[in-house]
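This briefing covers a few local features of one protein chain. The notes below are grouped by topic.

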Amino acid sequence: MIGSKLFKAINWNTVLSADLIEKLLSVAQLKTQLTSSTMDGSRIAHQGASFIVAGTVTICLQTPNLKTVNNMVMGKGDWFGNYDSRNSLYTPFFITEIDAVTLIHFSNFDLHRLAQDNLEIYKWFHSLSLESKEKWLQSQLMMSENKLKRVVYLLLELAAHIPLIRGETPKIALSQQQISQITGISRQRVNEVIKQLEKEKLVEIKRSCIYLTNLTGLGRVLDQVDLSIRDPRLMITH
């Protein structure tokens, strides 16, 4: 059971009965200070639903040969997970923590136990499946773009999810190796893109962080990209 403050922070995405909410809260688990081994290929990604109270992560879909074919950024107020327990051995997702996250997690064991007595829970499952649809579809469109635009899109999606402080240059604690893993672009090609962005004074690499020195200029890189489903540039608060 979680405290009242965390309870008020949860957005259920649909109208649920007080009875179901009470039962869900009775099995809610607070997760903090998550390690890499806990996040990657874990129950967090594949065996339950998680609500992000604070922090930012990327969630990537991989083929069996570990090639990334899709990715999306999730932040405060978002849900992620897999509540279909029929194929628990299939674990295609991996998670990269960008900013330290605090999660409220609901395990599949508890969710499906509750579903036996309350079919309303499937209404909630349906609402969760719709919540991330926009991000997944736009991300799939981006996979057909060149490496420069794919990297810039990732940086702008992250900028749309992190708090920006007026007067300070936005920064993201993200290594080039992590960008490679998230986007599926080789480490060498990512390095080429970052060097190009540095040369154009759009980003600056300093102390293991990427500083987004020119958000407007980065946005222009995507001017000819189809962002009809989701445009992160519209969600960045300057």
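The model is predicted. Thr 68 touches Cys 60, Leu 61, Gln 62, Phe 94, Met 143, Gln 181, Ile 182, Thr 183 and Gly 184, leaving aside residues up to four places away in sequence. The points below take up Thr 68 again, then Ala 49, a helix pair and an open sheet.

**Thr 68**

- Thr 68 is part of strand β3, which covers residues 68–74.
- Its relative accessibility is 4%, and the cut-off for buried is under 20%, so Thr 68 counts as buried.
- Among the residues that Thr 68 touches is Gln 181; a polar atom of the Thr 68 side chain lies 2.7 Å from the backbone oxygen of Gln 181.

**Ala 49**

- Ala 49 belongs to strand β2, residues 48–62.
- With a relative accessible area of 1%, Ala 49 is buried.
- Not counting residues up to four places away in sequence, Ala 49 is in contact with Trp 79, Phe 80, Gly 81, Ile 104, His 105, Phe 106, Leu 111, Trp 124 and Leu 128.
- Tyr 83 is 34 residues from Ala 49 along the chain, and the C-alpha atoms of the two are 6.3 Å apart.

**Helices α5 and α6**

- Helix α5 spans residues 108–115 and helix α6 spans residues 121–131; the two pack with their axes 9 Å apart, at an angle of about 135 degrees.
- Angles of 65 to 115 degrees count as roughly perpendicular and those over 145 as roughly antiparallel, and α5 and α6 are therefore oblique to each other.
- On the α5 side the contact is made by Leu 111, His 112, Leu 114 and Ala 115, and on the α6 side by Ile 121, Tyr 122, Trp 124 and Phe 125.
- By class, the residues of this contact are 7 nonpolar and 1 polar, with no charged residue.
- Leu 111 of α5 and Trp 124 of α6 take part in the helix contact, and Ala 49 touches both Leu 111 and Trp 124.

**The open sheet**

- Three strands form an open sheet in the order β6-β8-β7, and the pairing is antiparallel.
- The edge strands are β6 (171–172) and β7 (204–206); each has a single partner strand, so one side of each is left without a neighbour in the sheet.
- Strand β8 (residues 209–211) runs antiparallel to β7, and 3 bridges join the two.
- Lys 206 has Cys 209 in β8 as its bridge partner.

Notes:
Residues are numbered from 1 along each chain as its sequence is written. This is a predicted model: local features need pLDDT of at least 70, side-chain atom pairs count only at pLDDT 80 or more; totals for chains, interfaces and linings use all residues. Side-chain values use heavy atoms; hydrogens and water are left out. Axes are lines fitted to C-alpha atoms, for helices over the stretch in contact, and angles run from 0 to 180 degrees between N-to-C directions. Helices (H or I, at least four residues) and strands (E, at least two) are DSSP runs, numbered from the N terminus. Angles under 35 degrees count as roughly parallel, over 145 as roughly antiparallel, 65 to 115 as roughly perpendicular and the rest as oblique. Contact means heavy atoms within 4.5 Å. Ala, Val, Leu, Ile, Met, Phe, Trp, Tyr, Cys and Pro count as nonpolar, Asp, Glu, Lys and Arg as charged, and the others, Gly among them, as polar. Buried means under 20% relative accessible area, exposed over 50%, partly exposed in between (1.4 Å probe, protein chains only). Two strands pair if DSSP finds at least two bridges between them. A polar contact is a pair of N or O atoms within 3.5 Å; within protein, one must be able to donate a hydrogen and the other to accept it, and residues adjacent in sequence count only if both atoms are side-chain atoms.
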